[in-house]
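Hello,

I am handing over the structure below. My notes on it follow.

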Amino acid sequence: MLGFCRAIPTEMDYKGQKLAEQIFQGIILVSAVIGFIYGFITEQFGWTVYIFMAGVALSCLLTLPPWPMYRRNPLKWLPVQESGTDDKKPADRKPKRR
């Protein structure tokens, strides 16, 4: 069971985060406008809230899980360098100014 949970991808790339944010804001805006108009016509504020809450639930379902469309542009990381600043002697380093 634990191996299955670790196999689920949990990351989004930066472009995927931007896309998720745009989708989230768009669905929230559209559901708020539709809810307001429908609630105004029917004179029932409850319908406005219900439609808005349905939009929030839909946007959470579409944007919170890391769907494959949010992972299309992975970052290219630099390879790990084995030899770092350990090769330099302390005398070779410049002293810090204070």
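**Helix crossing and a serine**

H2 and H3 meet in a right-handed crossing (the near helix is turned clockwise from the far one by less than a right angle; left-handed would be anticlockwise). This is a predicted model, in which local features need pLDDT of at least 70, side-chain atom pairs count only at pLDDT 80 or more, and totals for chains, interfaces and linings use all residues. Residues are numbered from 1 along each chain as its sequence is written, and side-chain values use heavy atoms, without hydrogens and water.

Helices here are DSSP runs of H or I with at least four residues, strands are runs of E with at least two, and both are numbered from the N terminus. The axes of H2 (residues 14-42) and H3 (residues 45-63) come within 7 Å and cross at roughly 165 degrees, so H2 is roughly antiparallel to H3 (an angle over 145 degrees). The contact of H2 with H3 involves 15 nonpolar residues, eight polar and no charged.

An unreviewed UniProt entry places "transmembrane region" at residues 23-41 and 47-67; such annotations may be inferred rather than shown by experiment. Residues 23-41 are 100% helix and 0% strand, with end C-alpha atoms 27 Å apart. For residues 47-67 the figures are 81% helix, 0% strand and 30 Å.

Serine 59 is in helix H3. Serine 59 counts as buried because its relative accessibility is 0% (the cut-off is under 20%, with a 1.4 Å probe and protein chains only). Beyond its neighbours within four places in sequence, serine 59 is in contact with Phe24, Ile27, Ile28 and Leu64 (heavy atoms within 4.5 Å).

Regards

Notes:
Axes are lines fitted to C-alpha atoms, for helices over the stretch in contact, and angles run from 0 to 180 degrees between N-to-C directions. Angles under 35 degrees count as roughly parallel, over 145 as roughly antiparallel, 65 to 115 as roughly perpendicular and the rest as oblique. Ala, Val, Leu, Ile, Met, Phe, Trp, Tyr, Cys and Pro count as nonpolar, Asp, Glu, Lys and Arg as charged, and the others, Gly among them, as polar. Buried means under 20% relative accessible area, exposed over 50%, partly exposed in between (1.4 Å probe, protein chains only).
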